[in-house]
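Biologist: I would like to learn how to read a strand and its neighbours in a model. Please take me through one case.

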Amino acid sequence: MQNPSRDVPSPGPSTSTPSQVMSGEEERGPPITINELVQLSHIGIPNEQVTWSRVTMSSDKWIAVRHDNRLDFSTKRAVVTVLCPIEGTISYAGSTSADSVLMNPSQPLIALKAGLRFEVFNLETKLLINKVHFHEPVIYWTWLNSEFIAIVSDSVVYHWDVKQESSLPEQVFVRHHRLAFTEIVAYKADPSLKWLALTGLTPEDDRISGLTQLYNVDEDITQCISAHAVCFSNFHFPGNPSPSTVFCVSSREVQDHGKVHVIELGPYKSGNFALRNCYDHLQFLDDMERYDFPVSLQISVDYGLLFVITKYGYLYMCDIETAMCLCCTRVSIDVIFAATLNTNTQGILAITRAGQVITVDLKKDGFITFLREQVKTAYKANRFEKVICQ
């Protein structure tokens with residue numbers, strides 16, 4: 001089944017400047033900057049190969065691209081190009097017969113999958129770190145953190161500790177039957193690996209429904225929730241002596257309405273306020289010919305902001321303490337299929353189907369003014385001023 005959120009044809013490469021991408025909303029929209037860091041076609045990546053399965057981004061450190069070598073059509077091997085978008089450097093990892101390539105989120109390790117064979121190499125030393133031959137068809141795989149690779153089969157989710165020599169993937173939990181006919185698009189974990197979330201999408205008539213299986217390792221409990229995109233983080237709520245594990249959820253519901261939830265997960269920590277569960281409504285701005293929905297959630301712990309990125313290039317900025325949606329603006333006229341937090345600017349790094357790698361960042365002083373004048377919330381403006389403009 002074609003992935004409904006990712007490998008969707010685009011009208012073609014975008015030649016828009018960052019100001020044009022705003023589609024005239026900049027005057028009344030939030031003060032942000034949109035800059036193109038790289039255009040993939042300019043470094044030899046054909047636009048038709050800029051897809052979710054070929055272009056992967058586990059963090060803002062690297063983008064891995066598996067593309068055909070058009071100089072040699074006699075070989076079936078693909079070329080692997082690794083970009084450091086923030087630093088602006090490009091390296092070539094060589095050719096491979098792998099069908100999927102992922103960079104480690106924090107270390108120069110590259111993982112390759114060829115059928116049921118997985119291999120992990122150090123990109124700098126070219127040494128093999130670990131390898132394994134899996135025993136059943138793989139539906140989805142991803143780096144869970146810098147040490148573990150998650151492997152999802154038709155029925156089970158496995159974790160593979162790549163740092164342990166000769167280690168094998170270990171079963172963590174069984175997939176819920178309600179996800180049986182979904183296209184798995186994401187797998188997330190909290191920093192402690194105690195809370196896990198598997199997300200799938202399903203086309204239904206004129207819409208795309210999202211379903212997430214939330215699993216608690218300690219309690220061995222599963223529940224399914226309606227969600228197109230989720231994320232975890234540790235966040236220190238004001239007034240609490242201890243930080244909390246936060247689970248953020250975004251979904252598209254009936255018609256043009258959706259929600260964003262911020263849920264504080266247990267167990268309760270002594271001295272903290274009661275576990276909070278807050279939400280706000282989102283209004284989607286698509287037209288009759290396309291169905292927009294969240295594809296990525298990113299949290300800026302430093303700013304206390306939750307970023308909701310949609311398939312058709314809209315960005316919603318929400319207050320993580322209350323889930324209140326502060327503003328919405330369009331940041332791309334093309335489909336966005338990958339996004340992550342830009343840790344340098346606390347903004348968003350995203351890849352579009354037109355091959356643009358863009359960074360979306362706040363104008364700090366202007367954002368505070370925007371909250372005072374447009375959102376009409378002096379309290380939130382004062383609070384954000386303390387954390388954003390310090």
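Biologist: Which residue is the bridge partner of isoleucine 299 in E23?

Modeller: Two strands pair if DSSP finds at least two bridges between them. Strands are DSSP runs of E with at least two residues, and helices are runs of H or I with at least four, both numbered from the N terminus. Here the partner of isoleucine 299 in E23 is leucine 306. The model is predicted, with local features needing pLDDT of at least 70 and side-chain atom pairs pLDDT 80 or more, while totals for chains, interfaces and linings use all residues. Residues are numbered from 1 along each chain as its sequence is written, and side-chain values use heavy atoms, leaving out hydrogens and water.

Biologist: How many bridges join strand E22 to E23?

Modeller: E22 (residues 294-300) runs antiparallel to E23, and 6 bridges join them. The two form a hairpin with 4 residues between them, and glycine 304 in that turn has a positive phi of about 70°.

Biologist: What stands opposite isoleucine 309 in E24?

Modeller: Leucine 315 does. E24 (residues 314-319) is antiparallel to E23 and joined to it by 5 bridges. This pair also forms a hairpin, with 3 residues between the strands and a positive phi of about 85° at glycine 313 in the turn.

Biologist: Which way do the side chains of E23 point?

Modeller: In a regular strand the side chains alternate between the two faces of the sheet. In E23, Leu305, Phe307 and Ile309 point one way, and Leu306, Val308 and Thr310 point the other way.

Biologist: Why is E23 described as largely enclosed?

Modeller: Buried means under 20% relative accessible area, exposed means over 50%, and partly exposed lies in between (1.4 Å probe, protein chains only). Strand E23 (residues 305-310) has 6 of its 6 residues buried, so the rest of the structure largely encloses it. For the chain, buried residues make up 58% of the 390 residues.

Biologist: Which residues line the largest cavity?

Modeller: On a 1 Å grid over the protein atoms alone, a cavity is a set of points where a 1.4 Å probe fits but cannot get out, and lining residues have an atom within 4 Å of a point. The lining of the largest cavity consists of Ile32, Phe307, Leu315, Met317, Gly347, Ile348, Val360, Asp361 and Leu362. E24, strand E27 (347-352) and strand E28 (356-362) are the elements giving two or more residues to this lining. E28 gives the most, with 3 residues.

How values were computed
1 Å grid on protein atoms, 1.4 Å probe; cavity = no way out; pocket = protein on both sides within 12 Å on 5 of 7 lines; lining within 4 Å.
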